[in-house]
Amino acid sequence: MFTNPDYNHFLLDSGFFGWIYKILTPIEWLMTQIMWLFHKFFTFIGMSQVGASWVLSIICLVLVVHAIILPIYIRQMKSMTKMQALQPKIMHIQNKYKGKNDQASKEAMSRETMKVYEDNKVNPMGSCLPMLIQGPVFMCMFYMLSAIPYIAHGSRGALGAFDKATAIEFSQTKVFGLGVTNTFGTADVAGKIIIGIFTVLMCLAMWYMQFNNMRKNLPPASMEGSQYKMQQAMTWVYPLMYIFSAISMPFAVLVYWLTNNICNMFRSLWQVRTFPTPGSPAAKAKEVRDHEHENKRREKAGQMSIEEENLKKAEEAAKAREDKGYQRQQPKRKRKKK
């Protein structure tokens with residue numbers, strides 16, 4: 001069922017993806033240089049030229065990439081949070097024009113939807129643009145790690161810092177007895193078990209990230225309808241897709257994927273805690289935390305708590321009404337013009 005890869009033909013260099021990866025060559029070149037520099041650092045501090053130093057270089061490269069795109073990601077989170085908070089209003093407009101297919105109704109629905117976005121200063125493309133930037137970066141990482149076995153074999157030319165000699169050195173690296181260029185088809189039984197464990201961990205990290213986001217970061221109004229059921233189904237489908245990809249990829253790519261998924265999971269947990277969707281359980285939990293933190297800050301500063309301050313304001317307002325002889329103003333009936 002699983003055949004050895006044909007190192008005479010690198011599939012990612014052909015067809016449509018070959019054209020895409022050709023355009024992304026400058027980014028791929030830069031990534032090889034960063035990875036090479038990390039490898040030099042690890043060998044400088046005493047690690048072996050061949051071995052864990054290369055695996056750590058992959059992990060460090062993933063961390064560097066995540067650090068670079070973090071500002072973009074924060075912007076994406078803020079935009080997505082605003083968009084999610086507006087979903088009940090958008091759904092209300094869509095329900096209002098449901099079943100009306102005439103041109104006037106379509107234009108009115110579009111006009112009202114855009115007005116909601118403009119009034120709340122939200123750009124619907126704001127959450128998509130950062131993804132368009134992140135996508136090529138991770139595509140380049142995937143391409144670079146996949147190309148190294150072919151560079152070592154000699155069927156592909158050098159890529160940045162990875163000439164044939166460096167690629168051969170990288171290819172000789174083993175972790176837990178499994179070569180970084182081995183796939184599920186070329187690994188022995190022990191190697192297959194290691195690849196299986198990595199694949200399960202990759203799936204779990206991705207599944208928990210989506211599960212936690214749906215459980216804590218969706219307002220009750222968004223937990224209804226076919227769209228929500230579709231999201232629930234994709235929580236299981238996306239991780240399972242990794243299984244089919246993982247069995248054909250070199251182990252080095254799995255190291256990248258697992259590191260990347262763990263980074264994404266922790267980043268998502270931080271997002272849910274720091275930038276929760278308004279009205280969601282995570283937002284309510286954040287309000288409670290912020291309230292407690294503010295009271296602790298006031299206690300350290302020797303100030304009254306929020307509750308004491310509110311009580312004092314209420315007492316002052318009541319006293320002010322008593323001092324002014326407060327009396328409820330009766331509403332006056334307007335006379336109709338004859």
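## Cysteines

Buried means under 20% relative accessible area, exposed over 50%, and partly exposed in between (1.4 Å probe, protein chains only). Cys140 counts as buried, at 0% relative accessibility. This is a predicted model, in which local features need pLDDT of at least 70, side-chain atom pairs count only at pLDDT 80 or more, and totals for chains, interfaces and linings use all residues. Residues are numbered from 1 along each chain as its sequence is written, and side-chain values use heavy atoms, with hydrogens and water left out.

The structure holds 0 disulfides (a disulfide is a pair of cysteine sulfur atoms within 2.5 Å). The closest cysteine sulfur to that of Cys140 is in Cys263, 18 Å away and too far for a bond. Cys203 is in no disulfide either; its nearest cysteine sulfur, that of Cys263, is 17 Å away. Cys203 counts as buried, at 12% relative accessibility.

## Nonpolar cores

A nonpolar core is a set of buried Ala, Val, Leu, Ile, Met, Phe, Trp, Tyr and Cys residues joined through side-chain atoms within 4.5 Å. The largest has 56 residues. Met35, Leu145, Phe170, Phe251, Leu254, Tyr256 and Trp257 touch the most other members. Among the elements that give two or more residues are helices H2 (25-44), H3 (52-85), H6 (129-153) and H10. Helices (H or I, at least four residues) are DSSP runs, numbered from the N terminus. H6 gives the most to this core, with 13 residues.

Phe170 is in contact (heavy atoms within 4.5 Å) with Met35, Trp54, Ile58, Leu145, Ile148, Phe162, Val180 and Ala252, leaving aside neighbours within four places in sequence. A second, separate core of 9 residues includes Met83, Leu86, Ile90 and Val122.

## Helix H10

H10 covers residues 251-274. Of its 24 residues, 18 are buried, so H10 is largely enclosed by the rest of the structure.

## Aromatic pairs

There are 15 aromatic pairs. Rings of Phe, Tyr and Trp (its six-membered ring) pair if their centres lie within 6.5 Å; planes under 30 degrees apart count as stacked, over 60 as edge-to-face and the rest as tilted. Phe10 and Tyr143 form a tilted pair, 5.4 Å centre to centre with 45° between the planes. This pair links distant parts of the chain: Phe10 precedes helix H1 (15-23), and Tyr143 lies in H6, 133 residues apart. Both are buried.

Phe16 and Trp19 also form a tilted pair, at 6.2 Å and 35°. Both residues are exposed. They sit 3 residues apart in H1, so about one helical turn separates them.

Note on methods
Expected span 1.5 Å × (residues − 1).
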